[in-house]
Amino acid sequence: MVTLFTGMREGEICGLSWDCVNFENGTITVKQQLSKLNRRGAEYKLAKTKNSKTRIITPAPSVIAILKNVKRFAIGEPDEGRPSMGE
């Protein structure tokens, strides 16, 4: 969903961290990407973006809403309006 509505490259999506998402302003800062170190191995590193420039993307509000839900799930908070498993 994020890739489809932002135009970000696969490596940039994989290089995102929560500090790159500004929920208050509804923006995503692209500052790094996940890059393979060599063709045959399975070693990766975080590197600068393809053109080494940081950019700020303002995706549709629905994308930010999805990311909020993903973050809640990742840190173990229940979704808004839905009871948690223990309730």
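## Confidence

Averaged over the chain, pLDDT comes to 83, with 87% of the residues at 70 or more. Keep in mind that this is a predicted model.

## The nonpolar core

Nine residues form the largest nonpolar core: Val2, Met8, Val21, Ile28, Val30, Ile57, Val63, Ile64 and Leu67. Two elements, β2 (27-30) and α3 (61-75), each supply two or more of these residues. Helix α3 is the top contributor, giving three. As a rule, nonpolar side chains in soluble globular proteins tend to be buried together.

Take Ile57, one of the core residues. Leaving aside residues up to four places away in sequence, Ile57 touches Thr6, Met8, Gly26, Thr27, Ile28 and Val30. Of these partners, Met8, Ile28 and Val30 also belong to the core.

## Cysteines

How many disulfides turn up in a search of the whole structure? The count is zero. As for how the cysteines sit, Cys20 is buried, at 3% relative accessible area, whereas Cys14 is partly exposed, at 46%.

## Ser62 on helix α3

Helix α3 also holds Ser62. Its relative accessible area is 38%, so Ser62 counts as partly exposed, between the 20% and 50% cut-offs. From Ser62 to Gly26 the C-alpha to C-alpha distance is 9.9 Å, with 36 residues of sequence separation. Gly26 is also among the contacts of Ile57.

How values were computed. Residues are numbered from 1 along each chain as its sequence is written. This is a predicted model: local features need pLDDT of at least 70, side-chain atom pairs count only at pLDDT 80 or more; totals for chains, interfaces and linings use all residues. Side-chain values use heavy atoms; hydrogens and water are left out. A nonpolar core is a set of buried Ala, Val, Leu, Ile, Met, Phe, Trp, Tyr and Cys residues joined through side-chain atoms within 4.5 Å. Buried means under 20% relative accessible area, exposed over 50%, partly exposed in between (1.4 Å probe, protein chains only). Helices (H or I, at least four residues) and strands (E, at least two) are DSSP runs, numbered from the N terminus. Contact means heavy atoms within 4.5 Å. A disulfide is a pair of cysteine sulfur atoms within 2.5 Å. pLDDT is the predictor's confidence in each residue, from 0 to 100.
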